[in-house]
Amino acid sequence: MADLKLGKLPDRTPSKMTITVSADLNQALKDYAALYRQTYGESETVAELIPFMLAGFLEGDRAFAKARKESLPAGMSEKSRRVSGSDSE
């Protein structure tokens with residue numbers, strides 16, 4: 001087998017999730033989407049923004065990253081388990 005520099009790509013199959021949020025959170029998400037449009041000049045729906053918001057939150061949570069790293073099976077690299085915004089339970 002060839003020894004490629006690029007490892008096997010992780011599963012990128014998107015997962016659909018349905019959630020219920022409070023009225024206040026719904027309004028805050030709409031406000032964020034409006035501010036995003038104002039800032040970047042591009043309109044994105046709340047549904048398009050949420051995966052990136054969640055990925056950013058998880059990537060920024062050092063306690064979560066540490067706990068996740070400590071519970072990895074031997075041989076599993078950090079690159080192969082990175083949050084891509086499409087992970088779900």
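Helix α3 (residues 62-70) lies largely in the open, because the number of its nine residues that are buried is zero (buried means under 20% relative accessible area, with a 1.4 Å probe and protein chains only). At the start of α3, a side-chain oxygen of Asp61 comes to within 3.2 Å of the backbone nitrogen of Ala63.

The model is predicted, with local features needing pLDDT of at least 70 and side-chain atom pairs counting only at pLDDT 80 or more, while totals for chains, interfaces and linings use all residues. Residues are numbered from 1 along each chain as its sequence is written, and side-chain values use heavy atoms, leaving out hydrogens and water. The average pLDDT (the predictor's confidence in each residue, from 0 to 100) is 85 for the protein, and 80% of the residues score at least 70. Over residues 83-89, pLDDT stays under 50.

Overall, the protein has three helices and zero strands (DSSP runs, H or I of at least four residues for helices and E of at least two for strands, numbered from the N terminus). Buried residues make up 8% of its 89 residues.

Turning to the helix pair, the axes of α1 (residues 23-40) and α2 (residues 46-60) come within 10 Å and cross at roughly 95°, the axes being lines fitted to C-alpha atoms over the stretch in contact, with angles running from 0 to 180 degrees between N-to-C directions. The two helices are therefore roughly perpendicular to each other (65 to 115 degrees). Leu29, Lys30, Tyr32, Ala33 and Tyr36 of α1 make the contact with Val46, Leu49, Ile50 and Met53 of α2, where contact means heavy atoms within 4.5 Å.

How values were computed: Angles under 35 degrees count as roughly parallel, over 145 as roughly antiparallel, 65 to 115 as roughly perpendicular and the rest as oblique. Buried means under 20% relative accessible area, exposed over 50%, partly exposed in between (1.4 Å probe, protein chains only). A polar contact is a pair of N or O atoms within 3.5 Å; within protein, one must be able to donate a hydrogen and the other to accept it, and residues adjacent in sequence count only if both atoms are side-chain atoms.
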